[in-house]
2 protein chains.
Amino acid sequence: MTTVEPVADTRTRLLATALRLFSEHGVEGTSLQMIADELGVTKAAVYYHFKTKSEITEAVAEPGIRELDQLVVEAAKHPRHGARVDHLVDGFVDLVVRHRVLVALFSSDPGIDAALAKSVHGVEGFKQALISIVAGGPELDVTARVTAIVAFTGIAMAGGAPDLAEVDDETLRRELVRVGRRLLGRPRRRVC
Amino acid sequence: MTTVEPVADTRTRLLATALRLFSEHGVEGTSLQMIADELGVTKAAVYYHFKTKSEITEAVAEPGIRELDQLVVEAAKHPRHGARVDHLVDGFVDLVVRHRVLVALFSSDPGIDAALAKSVHGVEGFKQALISIVAGGPELDVTARVTAIVAFTGIAMAGGAPDLAEVDDETLRRELVRVGRRLLGRPRRRVC
DNA sequence: GTCTATAAAATGATAGAC
DNA sequence: GTCTATCATTTTATAGAC
């Protein structure tokens, strides 16, 4: 007797729709009316599921933020610098590929900042944490900072790039890891 | 008898203010009221200079678009592939450093698309043109496409990154060129 | 060139019926 | 859980005085 799931419930469809519209028009460029129209319901129905627009934004961002938080914590546990970077690149690319547009949104949309502020690290804190790990500490080496920013924002944006939407997950993962490792000075992996 | 410039005229200040607000809140997240308040005038004064918000957006984007258009045309003239990529990296980085937040806006803000559509290449056309040049043609090599997208969006976003705002132009230029060349497989230049 | 005043539409949000 | 109806506010945009 399997208790049948109540089909893709409205809340889930709502979040998926909101994410798509956010990625197309930006958070500020997406109105509740647009979300409602896309779902085929009225604004009031949307307000039944979320009290405010900000709540929708936060709910959309939440899974990515949680995973990103966890990734930074796990990566920092490795005693050796090389292992920390390896963990970070693999984990970050995995996250980007599984969420595609969401992580790109983190890197590019000012309207998502309020949601990111709820994270352990805060909006700019994430970049700081990532940079800190690859730079081997919070020092001021410009070269390391520039490299880290180009690598992580570049990878994040590539995940949301329409030009790469049709590339399958496995291929995109491989290519992004390769690019990330090359930039961050990690040796090429042998092809299995 | 030097004809004195009419001090930094309102139109110029307006565009500078608009660009700053666009980069902080996104184009859609910036209202004419915000721009007017920042300038210390009323909305009506803003409407004296530009008929619509869209006109402001286009005027803000115009210098960057024009230079980017020109860069792509000039780079494509080189007969050898290596020279094309060299020209593109040097020129793109120079543009990013001189305009900082503007090129980042091109890469990240959906609200700027309307303005970019006025370009010779169109919004997605730019990326296509850049990719085409580094990939040596419009073929479908995934590796080259991923590399190009990560490199150019990464460099563009780095120019607008708050973390690098205090880095001086010369240093940022050097570091971004270094990263870009490394990613795109161009040999290291000897330090002069 | 800037102002006051205003219009018309859209936005985020709520109350209450079904 | 979704609807109709409504509200206060904000937004883009215009008309006309100074």
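Q: At what angle do the axes of helix α1 (residues 10-25) and helix α4 (residues 53-76) of chain A cross?
A: In this predicted model, helices are DSSP runs of H or I with at least four residues, numbered from the N terminus. Axes are lines fitted to C-alpha atoms over the stretch in contact, with angles from 0 to 180 degrees between N-to-C directions. The axes of α1(A) and α4(A) come within 10 Å and cross at roughly 90°.

Q: How is α1(A) oriented relative to α4(A)?
A: Angles of 65 to 115 degrees count as roughly perpendicular. The crossing is at roughly 90°, so α1(A) is roughly perpendicular to α4(A).

Q: Which residues make the contact of α1(A) with α4(A)?
A: Two residues are in contact if their C-beta atoms, placed from the backbone, lie within 7 Å. From α4(A) come I56(A), A59(A) and V60(A), and from α1(A) come L15(A), A18(A), L19(A) and F22(A).

Q: How do the residues of this contact divide by class?
A: Ala, Val, Leu, Ile, Met, Phe, Trp, Tyr, Cys and Pro count as nonpolar, Asp, Glu, Lys and Arg as charged, and the others, Gly among them, as polar. The contact has no polar and no charged residues; the nonpolar ones number seven.

Q: Which residues come nearest to DNA strand D?
A: A residue is near the strand if its C-beta atom, placed from the backbone, lies within 6 Å of it. There are 15 residues around DNA strand D, and the nearest are V41(A), A44(A), A45(A), Y48(A) and T52(B).

Q: How many helices does chain A have?
A: Residues are numbered from 1 along each chain as its sequence is written. Chain A has zero strands, and its helices number 10.

How values were computed. Chains are lettered from A and ligands numbered from 1 in the order in which they are written. This is a predicted model: local features need pLDDT of at least 70, side-chain atom pairs count only at pLDDT 80 or more; totals for chains, interfaces and linings use all residues. Helices (H or I, at least four residues) and strands (E, at least two) are DSSP runs, numbered from the N terminus. Angles under 35 degrees count as roughly parallel, over 145 as roughly antiparallel, 65 to 115 as roughly perpendicular and the rest as oblique.
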